[in-house]
Amino acid sequence: MVSANREMVVYCFDTLVAHYNSEQAPPPAFDEGQHPLFVTWKKAVNGGEPRLRGCIGTLEARGLINGFKDYALTSALRDRRFPPIQAKELPNLECTVSILVNYEIARDYLDWEVGKHGIIIEFTDPDYNTARSATYLPEVAAHEGWTKIEAVDSLMKKAGYNGPITEPLRRRIRLTRYQSTLFTMRYSDYVAYVKTTRGAAPTISGAKPSNYW
């Protein structure tokens, strides 16, 4: 099984830095494969706990190299919940890559474990008779301190449902559980890795060096 690793996160940082410099990122140092994947950016301010800055991926298998390249930029620049990440934010960023594995259809909406499983819910909006779906990665519910019901209810709202959440509606949910491997790296660790492996720190066009390493 392919696991998320440091080189995948380095490639995501490389891709974002290359975007700001209007150039091509260095080739990745990991093998190609086909897997569902996500890229998550968080930002720490004044030494506080990093907060979500963008998270987008795919629940369908796709090539890892193009997948991480595409979603590194999409999650950083086109997550509709946040303004695009600017180059000046780089020093405060951390990046997490996730590779999703072990998809299983759950018996019901409670048939999963907080901290172990990510969940995908699918249900029909009773107000509009439209299909809705959404997912949380395995670490989300545990990080938020949610119970399984709280996580599912939050996910229904994330899917766009604004009506009352009732037990009969929860029971009509089709829930798929999955697991993931992930790897997280801060920008400062990325800079140190690049210095060690390539002999020079990454640079951003037009930026003062002291701002970035």
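Predicted model: local features only at pLDDT ≥ 70, side-chain atom pairs only at ≥ 80, totals over all residues.
Figure 1. Side chains of opposite charge can pair when their charged atoms come close. Selected pairs are shown in the views that follow.

**Figure 2. Close-up of the salt bridge between E89 and K43.** The closest N and O atoms of the two side chains are 3.1 Å apart. E89 belongs to the loop between helix 2 (64-77) and strand 3 (93-105), whereas K43 belongs to strand 1 (residues 34-43); the pair links distant parts of the chain, 46 residues apart. E89 is buried, at 6% relative accessibility, while K43 is partly exposed, at 22%.

**Figure 3. Close-up of the salt bridge between R177 and E104.** The N to O distance is 2.8 Å. Because R177 lies in strand 6 (residues 174-186) and E104 in strand 3, the pair ties together parts that are 73 residues apart in sequence. R177 has a relative accessibility of 17% and counts as buried; E104, at 33%, counts as partly exposed.

**Figure 4. Close-up of the salt bridge between D189 and R186.** An N to O distance of 3.4 Å separates the two side chains. D189 is partly exposed, with a relative accessible area of 34%, and R186 is partly exposed as well, with 47%.

Figure 5. Y20 counts as buried because its relative accessibility is 18%, below the 20% cut-off. Beyond its neighbours within four places in sequence, Y20 is in contact with L77, I85, Q86, A87, L90 and I204. A polar atom of the Y20 side chain lies 2.7 Å from the backbone oxygen of I85. The C-alpha atoms of Y20 and Q86 are separated by 8.5 Å, although these residues are 66 residues apart along the chain.

Terms used
Residues numbered from 1 in each chain as written. Heavy atoms only, no water. Buried < 20%, exposed > 50% of the residue type's maximum accessible area, 1.4 Å probe, protein only. Contact = heavy atoms within 4.5 Å. Polar contact = N/O pair within 3.5 Å; in protein donor to acceptor, adjacent residues only side chain to side chain. Salt bridge = Lys/Arg side-chain N within 4 Å of Asp/Glu carboxyl O. Helix = DSSP H or I, 4+ residues; strand = E, 2+ residues; numbered from the N terminus.
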